[in-house]
Amino acid sequence: MSPTIEGRHRAAMDRLGAQAIELPSWAFGNSGTRFKVFAQKGVPRDPFEKVADAAQVHRFTGVAPSVALHIPWDTVEDYDVLARHAAELGVRIGTINANVFQDDDYMLGSVTNPDPRVRRKATDHLLACVDVMDATGSRDLKLWFSDGTNYPGQDDIAARQDRLATALAEVYRRLAPHQRMLLEYKLFEPAFYTMDVPDWGTAYAHCLELGPQAKVVVDTGHHAPGTNIEFIVALLLRAKKLGGFDFNSRFYADDDLMVGAADPFQLFRIMLEVVQAGGLDAEAGIAFMLDQCHNIEPKIRGQIRSVMNVQEATAKALLVDTQALAAAQTAGDVLGANAIVMDAYNTDTRPLVAEVRSEAGLDPDPVAAYARSGYAERIVAERVGGNQAGWGA
Ligand code: RM4
Ligand code: MN
């Protein structure tokens, strides 16, 4: 017999209370498009202030205990000091993101560059990121490569794959047994003809060759329109090769808008695959990260809203009556099975998630509680002078 609706609610609440969503340090800095980066008042001037802002999101949501760094944007002299600063604020340093896409040397690629000197430089940066992980206690190294070509014939596609494999293998060998390499893919941009890691299949093939500590990251904004992302998620989960998510929303290309804003139904469908495959269990090792930019909206509030969107979608996925669904599927009851999934999706999970917060001793409304805290006004008054952090700064 299926558990009662009350039983499912209780089970969902327990799961939601234990959820962990990682925040990107770069979400708190200024960002924009190639047309304009708009500066906002109160934006962090250094990684310490970014971590402080991330800690506010955790303070009011209770489910965002870690913040990812991007190197060199978040380079500091002493990572111990930054890690301690995070701990004092109730959060910790999470994934380390490498950056081999913003140096003039990388015009024709980083680890796939035809010039061995540039490849060496890029690989050395990736190795240096593992040093940072050692200092911060981070588990994951996340790699996204802007590498690719713009014109047919520009470079040898297969040779670039060989160069990529060589660099990845060197970095993989440098990992400690508890550390992982997460390889991210992206269909296009900045390269327009070929990206060297354009899709999950390419990332999966490299990860398979590397070994069990290499896993694929699904950035929800990095697919062609209409791609069935939950299918990719289900396949990677089945192969135990899903390392995590970079959550965000897209309407057109890699828009980096708030997760669950453009297509909450897609987010639900993704979370349903995760839930059904046991991907919420800590042992599954799936990193639920946000990778977003808040170009025109307030950043901390934007992050709070994004965390809430993930929680609400997860709650809907958890409410699916899985036993009834399995029975309908076995019986070939197409419409019955679909109705069970849609019933869960159409449930307003906001009260349930609010209850989870109340049980944790938090305000049920994080947006209002954050507004009342006066933090937004305080950082505007305090963060005067200095250089605001920005995408690429
Ligand atoms: C890339 C990719 C990476 C992120 C950078 C900022 O498009 O999504 O994950 O670190 O942007
Ligand atoms: Mn990403």
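Which residues coordinate the manganese ion (ligand 2)? In this predicted model, the ion is held by Glu184 (OE), Asp219 (OD), Asp246 (OD) and Asp291 (OD), at 2.1 to 2.2 Å. Along the chain, these donors follow the spacing E-x34-D-x26-D-x44-D. Aspartate 246 belongs to strand 9 (residues 242-247), while aspartate 291 sits in the loop between strand 10 (287-290) and helix 9 (299-319), so this pair ties together parts that are 45 residues apart in sequence. The six donor atoms around the manganese ion (ligand 2) subtend angles of 72 to 164°, which makes the arrangement octahedral.

| Helix pair | Angle between axes | Axis separation |
|---|---|---|
| Helix 10 (residues 322-330) and helix 11 (residues 334-345) | about 160° | 8 Å |
| Helix 5 (residues 157-174) and helix 6 (residues 200-210) | roughly 45° | within 10 Å |

Helix 10 and helix 11 pack at about 160°; because angles over 145 degrees count as roughly antiparallel, helix 10 is roughly antiparallel to helix 11. The crossing of helix 10 and helix 11 is left-handed. Ala324, Leu325, Ala328 and Gln329 of helix 10 make the contact with Gly336, Ala337, Ile340 and Val341 of helix 11. By class, these residues are six nonpolar, two polar and no charged.

Helix 5 and helix 6 cross at roughly 45° and are therefore oblique to each other. Helix 5 passes helix 6 in a right-handed crossing. On the side of helix 5, the contact involves Gln161, Leu164, Ala165, Leu168, Ala169 and Tyr172, which meet Thr202, His206, Glu209 and Leu210 in helix 6. This contact comprises six nonpolar, three polar and one charged residues.

Conventions
Residues are numbered from 1 along each chain as its sequence is written. Chains are lettered from A and ligands numbered from 1 in the order in which they are written. This is a predicted model: local features need pLDDT of at least 70, side-chain atom pairs count only at pLDDT 80 or more; totals for chains, interfaces and linings use all residues. Side-chain values use heavy atoms; hydrogens and water are left out. Axes are lines fitted to C-alpha atoms, for helices over the stretch in contact, and angles run from 0 to 180 degrees between N-to-C directions. Helices (H or I, at least four residues) and strands (E, at least two) are DSSP runs, numbered from the N terminus. Angles under 35 degrees count as roughly parallel, over 145 as roughly antiparallel, 65 to 115 as roughly perpendicular and the rest as oblique. A crossing is left-handed if the near helix is turned anticlockwise from the far one by less than a right angle, and right-handed if clockwise. Contact means heavy atoms within 4.5 Å. Ala, Val, Leu, Ile, Met, Phe, Trp, Tyr, Cys and Pro count as nonpolar, Asp, Glu, Lys and Arg as charged, and the others, Gly among them, as polar. Donors are N, O and S atoms within 2.8 Å of the metal (3.2 Å for Na, K and Ca); water is not among the atoms, so sites may look incomplete. Four donors count as tetrahedral if all angles lie between 85 and 135 degrees; four count as square planar and six as octahedral if opposite donors are over 155 degrees apart and all others between 65 and 115; anything else is irregular.
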